[in-house]
Amino acid sequence: MSFDERLEQIVSRHKELSNLMSSGDGGDADEFVRMSKEFAELTPIVNAISLMKDAQNEAGDLAELIADADTDEEMKSMAQHEFKALAGKIPKLEKNLQIMLLPRDVADDKNAILEVRAGTGGEEAALFAADLLRMYQRYADKHHWKFEIMNSSDTGIGGIKEVSAEISGKGVFARLKYESGVHRVQRVPDTESGGRIHTSAATVAVLPEAEEVDVEINDTDLRIDT
């Protein structure tokens, strides 16, 4: 399938979903939710396709105007200026669209469980872990995500030994998944009276929220000892 054929298929599917949801032919509630989610995922791609197509069509019209012998010089000069601007814009629109069409991680749209643990560095590492936690809280606030502390172990002087938090919102795991790993900082800590620079570390883990699964256990599979 060519790139243009794939774009046409996406636009066609987006229109099909819109018609199904508008007519109420979406089946049961679960199917309607699934279609709504697919429609929401396709909408920004369809908008990007529309922007690119409009720019390409406008560039084609300008090229015809420039090539027309009856076009006066002033109009031709304006058309050439606009055509040059579009010539630089269209490749960027195409590249952005190609990025949007890359395969996505199935967990990207899930909520995330964030874990921060102080590493080597004693009290300073715990203070650094607390700084990281506040950074993630502010980042969540900026994106209008819900940030809820699940459990925390602090040091009593503002530091954190370890903390777990649930972050809920749109595209949470997609934005935070690359934060996992060891984070290090070199600075003069508040706990240092001699002005020496310390290197402290904290580990961050970002996990996609697990989906609820119904499990049936037969009574014959149980053994109860009293």
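Me: Which residues does T71 touch, if you don't count those up to four places away in sequence?

Reply: Leaving out residues up to four places away in sequence, T71 touches L65 and K76, where contact means heavy atoms within 4.5 Å. Please keep in mind that this is a predicted model, in which local features need pLDDT of at least 70 and side-chain atom pairs count only at pLDDT 80 or more, while totals for chains, interfaces and linings use all residues. Residues are numbered from 1 along each chain as its sequence is written, and side-chain values use heavy atoms, with hydrogens and water left out.

Me: Where does T71 sit, and is T71 buried or exposed?

Reply: T71 is placed in the loop between α2 (29–67) and α3 (73–100), with helices (H or I, at least four residues) and strands (E, at least two) being DSSP runs numbered from the N terminus. Its relative accessible area is 9%, so T71 is buried; buried means under 20% relative accessible area, exposed over 50%, and partly exposed in between, with a 1.4 Å probe and protein chains only.

Me: What lies 2.7 Å from a polar atom of the T71 side chain?

Reply: That is the backbone oxygen of L65. A polar contact is a pair of N or O atoms within 3.5 Å; within protein, one must be able to donate a hydrogen and the other to accept it, and residues adjacent in sequence count only if both atoms are side-chain atoms.

Me: And K76, where is that one, and what does K76 touch?

Reply: K76 belongs to helix α3 and counts as buried at 17% relative accessibility. Not counting residues up to four places away in sequence, K76 touches I66, D68 and T71. The C-alpha atoms of K76 and R138, which are 62 residues apart along the chain, are separated by 52 Å.

Me: OK, so what pattern does the chain follow along the sequence?

Reply: Read along the sequence, the pattern is α-α-α-β-α-β-β-α-β-β, which comprises 5 helices and 5 strands. The radius of gyration is 27 Å, well over the 17 Å that the globule rule gives for 226 residues, so the chain is more spread out than a compact globule. That radius is taken over C-alpha atoms, and the globule rule is 2.2 Å times the number of residues to the power 0.38. Taken along the principal axes, the C-alpha atoms fill a box of roughly 90 × 65 × 30 Å.

Me: How much of the chain is buried?

Reply: Buried residues make up 29% of the 226 residues. Among the contacts with a separation of 6 or more, 65% come from residues 24 or more positions apart.

Me: Switching to strands, which ones are joined to β1 by bridges?

Reply: Strand β1 (residues 112–118) runs antiparallel to β3 (residues 160–168), with 6 bridges between them, and also antiparallel to β5 (residues 198–208), with 7 bridges; two strands pair if DSSP finds at least two bridges between them. I113 stands opposite E166 in β3, while A112 has P208 as its bridge partner in β5. Of the 7 residues in β1, 5 are buried.

Me: What about β2, how many bridges join β2 to β3?

Reply: There are 8 bridges between β2 and β3, which run antiparallel, and E148 stands opposite E166 in β3. Their hairpin has 5 residues between the strands, and G156 there takes a positive phi near 95°.

Me: Which residue other than glycine has a positive phi near 60°?

Reply: That is H144, in the loop between α4 (122–142) and β2 (146–154), and H144 is exposed, with a relative accessible area of 73%.

Me: How many aromatic pairs turn up in the whole structure?

Reply: The search finds 1 aromatic pair. Y139 and W145 form it edge-to-face, at 5.7 Å centre to centre with 70° between the planes. Rings of Phe, Tyr and Trp (its six-membered ring) pair if their centres lie within 6.5 Å, and planes under 30 degrees apart count as stacked, over 60 as edge-to-face and the rest as tilted. Y139 is partly exposed at 28% relative accessibility, whereas W145 is buried at 8%.

Me: Last one: is S200 buried or exposed?

Reply: S200, which is found in strand β5, counts as buried at 1% relative accessibility. Leaving aside neighbours within four places in sequence, the contacts of S200 include T120, F128 and H183.
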